[in-house]
Amino acid sequence: MVSTVKAPASEILNFAAHHLDLGAHRLFIYLDEPNAEAHETLKTHPRVRVFTCDPAYWEKRKRERPDKHQSRQTANATHAYNRADVDWLAHIDVDEFMWPRGDVATHLGALPANCPTARMRPAESLACAQGLYKAFIPAGPTRDETVRAIYPSYGAFVKGGFMSHVAGKLFARTGMKKISFRIHNLFQAGQMVEGGMELPEVDLLHRHARDWDHWLAVYRYRLTRGSYRPGMATNVPASHGGLSMHELLSGIEAEQGEAGLRAFFDEMNAIAPGVRDRLAERGMLLERSLDLEAKRAKHFAGYC
């Protein structure tokens, strides 16, 4: 697994410990800014390779530090791919946690030898209660109708009922030439790699919004430079009046201010009345206890 991270040391170690606990053979952790506490702890683990992405790191790479964090993520993921001593490499973020049914290596090993990628689909955290997630709804003729029924105010404008991505993240088979990662896809010699398969046995728990205060604190950055930035694709086809998340949230804020954003957040996070029941009725309410502090204590016992 490879990830470019910018978070408190405890969160970085929680993230690493969870995936070590799943049996990951190697973690490549790139610290997007110096974090001595995380670096010193991570480097003690034999299955972790940690890099601090300071000016010296980028100079050694013989390139300028990319301005956009998405470009730094993909550059580092590609760097890890070219040195990985593993059969498969997954590129995920520090707020994403694999949740397999069974052993990840077994599922990957069962894929055809000519399968280049395996896609994990997300389950998105709900702020209504700790450890609850909404399930991914596969694309199909009934998805939009289902989403509108669960979220009557905003479901028509939000793809798959998620505040964040529904594309998921990839495992890439190593050993291919001229490979470069993107956030949700893999490219070879400038062309998107085709022929990948879904990995339905492995969910990717995405803690996109832990609670209202957390979401609001990162909202402005996401709106300008992150997952809600301008130029992203529309949530539903433009022919059906689709809006991007940037357009949707900017419009809500312009018309209704913070109260409008809170109404949107509450409905999408099953805080608004009825939403949690409607998710449960459809079998889409998932309980997932990550138990991160216990895993951190197990794998990084010297960290307090």
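Predicted model: local features only at pLDDT ≥ 70, side-chain atom pairs only at ≥ 80, totals over all residues.
Is H19 buried or exposed? The views below start from this residue and then turn to the whole chain.

View 1. Residues are numbered from 1 along each chain as its sequence is written, and side-chain values use heavy atoms, with hydrogens and water left out. H19 belongs to helix α1, which covers residues 9-21 (helices are DSSP runs of H or I with at least four residues, strands are runs of E with at least two, and both are numbered from the N terminus). H19 is buried because its relative accessible area is 2%, where buried means under 20%, exposed means over 50% and partly exposed lies in between, with a 1.4 Å probe and protein chains only.

**View 2. The surroundings of H19.** Leaving aside residues up to four places away in sequence, H19 touches M1, A24, L27, I92, E96, F97 and M98, a contact being heavy atoms within 4.5 Å. A polar atom of the H19 side chain lies 3.1 Å from the backbone nitrogen of M98.

**View 3. The chain around this site.** The chain contains 10 helices and 13 strands. Buried residues account for 51% of its 304 residues, and the C-alpha atoms fill a box of roughly 50 × 45 × 40 Å along the principal axes. Of the contacts between residues at least 6 apart in sequence, 70% join residues at least 24 apart.

Conventions. Polar contact = N/O pair within 3.5 Å; in protein donor to acceptor, adjacent residues only side chain to side chain.
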